[in-house]
Amino acid sequence: QLKVIQQELGIAKDDRTADLDTYRERIAKLTLPAHAAKKIDEEMNKLSSLEHGSPEYTVTRNYLDWLTSLPWGQFTKDKLDLVRARKILDQDHDGLDDVKERIVEFLAVGAMKGEVAGSILLLVGPPGVGKTSIGKSVARALGRPFYRFSVGGMRDEAEIKGHRRTYIGALPGKFIQAIKEVESQNPVIMLDEVDKIGASYQGDPASALLEVLDPEQNAEFLDHYL
């Protein structure tokens with residue numbers, strides 16, 4: 001009864017108002033593109049009219065949680081100094097000259113274009129030769145955050161493309177999760193064990209991965225959940 005009286009007097013907020021206020025605070029710090037801002041507005045209007053106990057409320061709330069936790073418009077500035085990059089690569093690894101040459105070449109093309117985009121570096125070798133740590137060095141040289149995940153044994157393409165949000169426990173794909181975790185829109189993402197990706201009756205994640213890795217298609221990549 002006390003809670004109801006406090007709400008009527010405007011002393012205490014109900015859960016829905018508290019949720020909406022949290023999302024508004026988060027949005028204030030973001031640089032949203034027009035389509036995302038429009039979608040978030042629609043979802044917030046929907047949330048304000050939904051009954052607190054309904055399952056739809058939880059679905060919408062989780063969706064808004066994800067949308068407002070993503071680092072919209074937050075980029076790190078690339079450091080395209082080739083001498084510095086070579087120094088960092090040499091600090092972290094001895095030898096591997098051909099690999100380092102290729103990485104410096106890759107960064108040089110980036111420096112010429114003014115952005116590192118398009119091509120994808122593929123590191124091949126037996127376990128323990130330093131493939132993952134070379135990835136870390138590249139991220140350090142560029143001044144970008146680093147995120148690694150293994151696709152070995154992955155059988156479900158929803159891990160890459162995300163689930164439809166009508167399912168219980170639906171989540172976005174690993175790439176959106178990575179971007180949320182590192183709080184930057186342009187991290188260095190490393191896919192480990194890409195040769196061990198599995199196919200099953202649920203789908204073929206390797207085919208879903210093509211859209212992510214193909215520079216022609218990945219600008220249009222759309223996560224099913226988002």
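1. Gly-143 touches Thr-76, Lys-77 and Lys-79, leaving aside residues up to four places away in sequence; a contact means heavy atoms within 4.5 Å. This is a predicted model, in which local features need pLDDT of at least 70, side-chain atom pairs count only at pLDDT 80 or more, and totals for chains, interfaces and linings use all residues. Residues are numbered from 1 along each chain as its sequence is written, and side-chain values use heavy atoms, without hydrogens and water.

2. Gly-143 sits in the loop between α7 (131–142) and β1 (146–150). Helices (H or I, at least four residues) and strands (E, at least two) are DSSP runs, numbered from the N terminus.

3. Look next at helix α10 (residues 205–213). Its buried residues are Pro-205, Ala-208, Leu-209, Glu-211 and Val-212; buried means under 20% relative accessible area (1.4 Å probe, protein chains only). They cover an arc of only 150° around the axis, so they lie on the same side of α10. The arc is taken from the directions from the helix axis to the C-beta atoms. The buried residues of α10 pack against α8 (158–161), α9 (174–182) and β2 (188–192).

4. Helices α2 (residues 15–28) and α3 (residues 34–49) form a pair. Their axes, lines fitted to C-alpha atoms over the stretch in contact, come within 10 Å and cross at roughly 165°. That makes α2 roughly antiparallel to α3, a term for angles over 145 degrees. On the α2 side, Arg-16, Leu-20, Tyr-23, Arg-24 and Ile-27 meet Ile-40, Met-44, Leu-47 and Ser-48 of α3.

Key
Buried means under 20% relative accessible area, exposed over 50%, partly exposed in between (1.4 Å probe, protein chains only). Axes are lines fitted to C-alpha atoms, for helices over the stretch in contact, and angles run from 0 to 180 degrees between N-to-C directions. Angles under 35 degrees count as roughly parallel, over 145 as roughly antiparallel, 65 to 115 as roughly perpendicular and the rest as oblique.
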